[in-house]
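Student: Please take a close look at the aromatic rings in this structure, and then at what surrounds them.

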Amino acid sequence: MPRELMKEKRERAIAIAQRMDEHFPAAECALHYWGDPFKLTIAVLLSAQTTDKGVNKVTPALWERYPTPQALADADVNDVEEIIRTIGFHHAKAANCIKCARMVISDFGGEIPQDMALIQKLPGVGRKTANVVLNEAFGIVEGIAVDTHVFRIAHQLGFATRNDDTPEKVEAKLMKIYPQPDWLYINHQW
């Protein structure tokens with residue numbers, strides 16, 4: 001099979017985006033966060049290697065007990081662990097939730113930063129989480145949130161190769177292929 005030129009990949013990507021828009025016109029974040037950037041950050045942090053459905057089952061109790069960044073910063077890690085114990089890696093995630101809340105209070109005045117580099121300084125927050133939060137909470141589109149599904153589909157579509165073995169490499173490839181207005185929707189639609 002002949003190698004696909006970048007122009008052809010871009011044309012194919014646009015056609016795929018149009019089909020996705022037809023099938024999933026109202027694709028949106030599956031995590032419940034009540035419009036609060038801090039709650040979204042914690043929910044995405046909790047979603048690593050588990051389902052959004054599982055996260056949505058534990059976050060109402062978490063927010064009932066710890067409704068603000070300060071409340072979560074002051075939380076007992078054992079209590080947070082108990083609330084989120086049904087999702088994977090609950091020990092590490094509970095510790096990161098509290099550390100994240102503490103840093104939001106101490107370094108960012110209780111607000112999630114609206115900057116890619118700054119938000120990634122938060123414990124438990126990587127580029128995927130930063131992209132989701134910036135895109136969803138603030139309408140800032142700097143990149144594409146590459147989770148397990150986007151990573152796999154990008155390879156299946158031939159937009160990434162075997163050498164693209166990290167989410168960052170796949171994101172870079174997709175950003176070259178897709179026009180920036182489509183970046184926001186890829187994660188939700190795929």
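**Aromatic pairs and their surroundings**

Ring pairs join F159, Y178 and W190 into a cluster. Rings of Phe, Tyr and Trp (its six-membered ring) pair if their centres lie within 6.5 Å; planes under 30 degrees apart count as stacked, over 60 as edge-to-face and the rest as tilted. The model is a predicted one, in which local features need pLDDT of at least 70 and side-chain atom pairs count only at pLDDT 80 or more, while totals for chains, interfaces and linings use all residues. Residues are numbered from 1 along each chain as its sequence is written, and side-chain values use heavy atoms, with hydrogens and water left out.

By this rule there are three aromatic pairs. One of them joins F38 and W63, edge-to-face, at 5.9 Å centre to centre with 65 degrees between the planes. F38 belongs to helix 2 (residues 37-46) and W63 to helix 3 (residues 52-65), so the pair links distant parts of the chain, 25 residues apart. Helices here are DSSP runs (H or I, at least four residues), numbered from the N terminus. Both F38 and W63 are buried, where buried means under 20% relative accessible area, exposed over 50% and partly exposed in between (1.4 Å probe, protein chains only).The rings of Y178 and W190 have centres 6.1 Å apart and planes at 70 degrees, so this pair is edge-to-face. Y178 sits in the loop between helix 10 (167-177) and helix 11 (180-189), and W190 in the segment after helix 11, so the pair ties together parts 12 residues apart in sequence. Y178 is buried, at 3% relative accessible area, and W190 counts as buried at 17%.

Next come the nonpolar cores. Such a core is a set of buried Ala, Val, Leu, Ile, Met, Phe, Trp, Tyr and Cys residues joined through side-chain atoms within 4.5 Å. The largest has 39 residues, and I42, L46, L62, L72 and V80 have the most contacts inside it. Among the elements that give two or more residues to this core are helix 2, helix 3 and helix 8 (127-138). Neighbours within four places in sequence aside, L62 is in contact (heavy atoms within 4.5 Å) with I42, L46, L72, V80 and I83. A second, separate core of 18 residues includes F159, along with A17, I153 and V170.

Helix 2 also packs with helix 8, at an angle of about 150 degrees and with the axes 10 Å apart. On the helix 2 side, the residues making the contact include P37, L40 and T41; on the helix 8 side, they include K128, T129 and V132.

Note on methods:
Axes are lines fitted to C-alpha atoms, for helices over the stretch in contact, and angles run from 0 to 180 degrees between N-to-C directions.
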